[in-house]
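Me: I'd like to go through a few of the labels on this model and see what backs each one up. Can we take them one at a time?

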Amino acid sequence: MLNVSATFDLQKNVVSNIFKKEASVGRFEEYSRAVDTQIINIERDGGVLYSWKGATGTTQIGKYDPTTKHNKLLYTFDKQVCVSSCSLNQEETLLAVSLVQRTRAEERLKPVSKCLTLLIEIHPINNTKVLKAVDCKIRVQFLYPETNRSSVLESHLLLLADEGYVEQYHVMLSKQEGYRVVMCNFERMAKDRVVEDFMWTQWDAHTQRLFYLTYRDKAVLVCVQFYPNHNCETVFELALDLPSNPITSLRFINLGFDHYLEEEPVQCDPIRMAVFTNTIGSMCVCYSQQITPHQASCSYTIVLVHKGCSKTFTVALDGDISPHTRDLHPLFLPLGYYILVYLPGHFLHCINSRQQEFLCHSLFLSGPESDLGLPAEGTVVFCLPDSTSLLDLAAGRMFSLVISSEFLLQLLQTPGPSRPDNQRLAVMHCLLVYLGPNPALEQRIIDWICDNIMPFHTFDQIQEFVLGERKHTHTHTAAHPLTLHLALLSPPDKKLVPLFQEEDHQQRVLIGQMVDKLREHLNRHLPRLGKKRIDLLVVNYVAKLLELIRYMLESVWLKYRLAPCVMCLNKPGSPAEWTVFHVMCRILEATKSLCLPLPPGYHTLLAVLGVRCLPRHIFLQYVDQGLLQLTETFVSRLMTDLDNSHSNEQLKFSILKRLPEPMEQRICHLWDHPVSSACISRGYVSSLLKKQANTKRSQLNRQAGSTGLNPGRPGFRPDFLPLTYLTNTLADLEEEALNPFEEQENVDARFVEETALKQTLILLGFEVK
């Protein structure tokens with residue numbers, strides 16, 4: 001699952017450099033016979049502090065800079081000493097060293113302290129001061145505060161004693177002669193007692209926090225935060241459900257490496273523990289119980305401090321543990337916001353610390369798939385301060401850890417039911433959120449979605465793809481919200497997928513509703529962001545969603561190599577087009593469930609593919625079920641592109657009767673067909689008669705208003721147009737000409753109308769004279 005690559009090798013990066021320097025002064029043969037080099041500490045900047053002894057009878061301390069790949073000599077002792085702890089201040093002007101003092105046979109009667117802690121000036125005179133001379137082991141660690149000051153004339157040093165206390169020393173410095181940096185008032189150096197009693201402690205170099213475990217009524221984890229102004233405070237205390245005696249011997253984590261413990265008995269702790277923090281604000285406390293030989297299971301707990309919850313896992317072990325194995329615990333590896341729990345040869349559990357409520361986002365592997373290729377079981381491996389590197393102390397090698405996208409893609413693409421759904425979902429989430437955004441990776445995931453288009457039993461892969469990509473929809477600072485809103489509503493012509501430039505009213509309404517609701521939500525819960533910033537966030541968020549759907553379509557178009565002829569409605573679709581149509585239907589279904597908008601033109605393109613790929617009766621069923629929408633752009637192309645063959649006529653009639661009346665009237669003008677011509681003529685005559693009737697009525701009303709008369713003439717409804725036209729014409733003529741029956745009182749008006757209708761029928765050939 002991980003790509004493990006060596007980033008530091010003590011032999012290649014340090015020892016070879018020592019050989020070269022000694023060879024230059026003629027002592028190569030002496031050093032080639034005896035060089036004892038040991039890694040002592042790794043500082044916050046990644047610098048590796050090491051010591052070495054050679055045939056010359058001296059001990060030297062150096063630093064390897066991983067950025068410049070250079071080695072630097074820091075200090076040389078005039079005799080061989082045992083360096084158990086060492087730390088260099090941020091300005092590289094002071095060196096703190098703890099020495100283990102061994103008494104020779106002739107000096108055993110003299111009282112000599114077991115540990116000597118020194119503070120050494122590096123520039124320029126190597127002045128040495130004794131901080132402590134005690135009978136307990138001392139670990140030293142300089143603070144690395146983040147400061148903008150170019151010249152800092154104070155350093156702060158932590159001393160951690162095996163007796164269970166921690167002190168902070170405040171070392172004041174002064175410049176002399178423009179370049180010399182020396183300690184001042186050493187005898188009156190200020191110090192604070194930070195911790196009184198602990199049984200386990202861990203230094204977090206990146207956050208400058210000290211975690212320690214103490215026992216009151218129960219085990220309590222305490223966090224002390226150190227600040228740039230040399231102040232510190234306890235920021236939280238966390239009670240843990242641990243045994244009454246969880247740690248049998250004092251443990252120091254991330255506080256250097258003491259190579260002189262061989263005289264002390266090796267004790268096995270029932271609990272192994274580590275604390276991991278992340279820049280996104282997560283904090284996890286991990287601890288496991290010791291695994292004994294022939295044990296059938298392994299238990300470990302992950303406390304998600306930032307979520308206020310914890311989870312305990314128990315894993316059945318496939319094989320027995322060797323009876324010669326001592327103090328065996330799973331290894332906790334931080335990797336971003338993932339916590340990897342690794343027991344070589346047994347299992348690998350990748351836990352997402354941000355999604356504790358969704359266990360399906362945690363990936364569990366066993367057997368050969370769980371092998372990380374790390375050093376064999378029994379090798380001591382330490383997590384380094386940067387949380388992405390490991391140190392094999394015995395071999396003197398450092399490794400960088402990177403999640404392998406190729407490995408995850410192989411897991412995702414495993415065919416058949418051999419891969420559980422929750423594993424696929426966890427893999428997909430890791431690929432999209434942790435490793436993304438990566439266009440090449442996203443393309444391969446879309447290829448997998450196309451090859452496995454039907455949803456799985458427990459999740460919809462298209463929805464998960466959209467939701468995973470939504471996590472990258474952060475703020476852009478380029479354009480004004482209104483400009484960006486208009487831009488996203490028109491996808492450019494240079495794009496590969498032919499989404500039509502059209503007025504998609506439904507999608508615009510949905511987009512507008514989403515923008516309004518999201519803006520309302522943010523204004524309610526995050527008013528401190530301000531109106532302008534919220535508007536920009538909302539519009540960019542929606543724009544990214546629409547662009548994501550567009551990107552998916554572009555990827556599918558490329559995968560199946562669809563040509564521009566896909567928009568030709570008078571040809572049947574190819575198998576590739578049918579697959580793309582199916583994918584687009586699945587995208588429509590997934591976004592509909594999430595109430596997400598689609599780019600304008602999506603429904604038109606889907607309907608075009610539907611006509612090409614589906615039988616006509618199935619196409620109409622899709623329309624009736626609401627899966628396909630009859631947009632005006634699509635229907636217009638259908639009426640003009642398809643000829644008037646019998647089957648095409650049936651399709652056009654079926655579509656026309658499914659259109660709302662205003663759209664039907666607009667579409668009729670585009671279809672060159674007698675029926676459409678009749679509809680157009682009927683509409684024209686109807687509108688003409690209505691217009692004429694309204695005009696005549698207005699004239700009569702004006703005349704009636706001037707004379708005080710009411711014409712009382714009923715309007716004619718144009719049910720039968722020829723008769724209506726004849727009636728209106730006769731009425732107009734009657735009003736304009738003299739009425740021959742005006743002087744006669746017994747005129748039968750009904751008889752006149754019937755006679756006129758009779759004559760019309762005779763002229764049209766519907767009745768014999």
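Me: Leaving aside its neighbours within four places in sequence, which residues is Ser 288 in contact with?

Reply: Bear in mind that this is a predicted model. Once neighbours within four places in sequence are set aside, Ser 288 is in contact with Pro 270, Ile 271, Arg 272, Ser 299, Tyr 300, His 329, Pro 330 and Phe 332. Ser 288 itself is found in strand E21, residues 283-289.

Me: Why is Ser 288 called buried?

Reply: Its relative accessible area is 0%, and buried means under 20%, so Ser 288 is buried.

Me: What makes the pair Ser 288 and His 329 a polar contact?

Reply: Their side chains make that contact at 3.2 Å, and the cut-off is within 3.5 Å.

Me: How do you know that the disulfide count comes to zero?

Reply: A disulfide needs cysteine sulfur atoms within 2.5 Å, and by this rule the count is zero. Take Cys 585: its nearest cysteine sulfur, that of Cys 613, is 9.4 Å away, so Cys 585 is in no disulfide. Cys 613 is in no disulfide either.

Me: What makes E2 and E5 edge strands?

Reply: Four strands form an open, antiparallel sheet in the order E2-E3-E4-E5. Strands E2 (35-42) and E5 (70-77) each have a single partner strand, so one side of each is left without a neighbour in the sheet.

Me: How do you know that E4 and E5 pair?

Reply: Pairing takes at least two bridges, and seven join E4 (residues 59-65) to E5. Ile 61, for instance, has Tyr 75 in E5 as its bridge partner.

How values were computed:
Residues numbered from 1 in each chain as written. Predicted model: local features only at pLDDT ≥ 70, side-chain atom pairs only at ≥ 80, totals over all residues. Heavy atoms only, no water. Helix = DSSP H or I, 4+ residues; strand = E, 2+ residues; numbered from the N terminus. Buried < 20%, exposed > 50% of the residue type's maximum accessible area, 1.4 Å probe, protein only. Polar contact = N/O pair within 3.5 Å; in protein donor to acceptor, adjacent residues only side chain to side chain. Contact = heavy atoms within 4.5 Å.
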